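Me: I have a model open and want to learn how to read its features. Can we take them one at a time?

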Amino acid sequence: MHKRTTLENGFEIIEIANAVAKAKIAPQGAHLYDYARRGETPLLWLSPTARFENGKAIRGGVPVCWPWFGKDRKHPERPQHGFARTAMWHLERIDEPDEGTTIVTLTLDHTQIEQPWFPYAFKATLTISVGRNLSVSLTTENRGDEAFEITEALHTYFTVGDIGNISIEGLENVTYADNLEGFKHKVSDAPITVAGEVDRVYLDTEATVVIRDDALERVVTVGKSDSRSTVVWNPWIDKAAAMADFADDGYQTMVCIETANALDNTVTIAPGASHTLTQTVS
Ligand code: BG6
């Protein structure tokens, strides 16, 4: 079952419900902002102060950072995390192959948006599969006659019971660029625990990441393919307070584990070729 609704301010949303799970998606940004298995605590974190407004990215869920991630170091004039997260995507189809699976496909191509930063013929397709597990795939096609480069992320905000009581496993001994120290490269052999601001891009890793959440008594597994980077982010107290759409105490119940190709893990796409980044959460 799915239902399309337009809020009073004109912002559109799609609500999905099937035998095993529920989800909510905004065509703006192809933004999945709620997913939960029936009877379980939501998997995705959404700020209670998130704004649902045309032109503004929703704070929570899975923002799509594309065709670049973060602040583009080669092109400082480009807006952080690309233009896809605030662009109006086209809802191409909703498939319900069985009673426990709903697959939503949204697309964005160069004819749908005017923007000055990425002068290429492209098509981006986001496929969201809502079932007992959640799978999100982002495909980039080069429809022009010259190669282009992208960086990208499925910037997933996960709900956690208590940030002081989780451990993130799978990135031990992986070199990361620390955004809090000018992307200085570092490495640690221990699972990640969060007791302050964390903003790291783990490089050259295709590892599955596990969030062990003692307070919610659950283990969330984040698998991926064709992704060479994993971003881990928690803004902690001061940065959370500085963001208008981020609840002041929200940092206590979220962590971002982002399936990405970022920094030096750039993807080059030849004319006529395509690339698909996938994240599967269970
Ligand atoms: C993370 C970045 O991916 O996104 C952080 O590593 C950034 O540096 C965060 O603060 C949120 O970005 P934004 O643009 O949604 O506020």
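Reply: Start with the naming. Strands are DSSP runs of at least two residues, numbered from the N terminus. This is a predicted model.

Me: Where is the place of Thr-49 in those terms?

Reply: Thr-49 sits in the loop between strand S4 (31–37) and S5.

Me: Is Thr-49 buried, partly exposed or exposed?

Reply: Buried means under 20% relative accessible area, and exposed means over 50%. Thr-49 has 35%, so it is partly exposed.

Me: Which residues is Thr-49 in contact with, leaving aside neighbours within four places in sequence?

Reply: Ala-244, Asp-245, Phe-246 and Ala-247. The backbone nitrogen of Ala-247 lies 3.3 Å from a polar atom of the Thr-49 side chain. That side chain also makes a polar contact with the side chain of Ser-47, at 2.8 Å.

Me: How many disulfides does a search of the whole structure find?

Reply: A disulfide needs two cysteine sulfur atoms within 2.5 Å. The search finds zero.

Me: Now Phe-69. Where does it lie?

Reply: Phe-69 is in the loop between strand S5 (64–65) and strand S6 (90–98). Its relative accessible area is 13%, so Phe-69 is buried. Beyond neighbours within four places, its contacts include His-81, Thr-151, Val-201 and Ala-262.

Me: How far apart are Phe-69 and Ala-260, in sequence and in space?

Reply: 191 residues in sequence, but 8.1 Å in space, C-alpha to C-alpha.

Definitions and conventions
Residues numbered from 1 in each chain as written. Predicted model: local features only at pLDDT ≥ 70, side-chain atom pairs only at ≥ 80, totals over all residues. Heavy atoms only, no water. Helix = DSSP H or I, 4+ residues; strand = E, 2+ residues; numbered from the N terminus. Buried < 20%, exposed > 50% of the residue type's maximum accessible area, 1.4 Å probe, protein only. Contact = heavy atoms within 4.5 Å. Polar contact = N/O pair within 3.5 Å; in protein donor to acceptor, adjacent residues only side chain to side chain.
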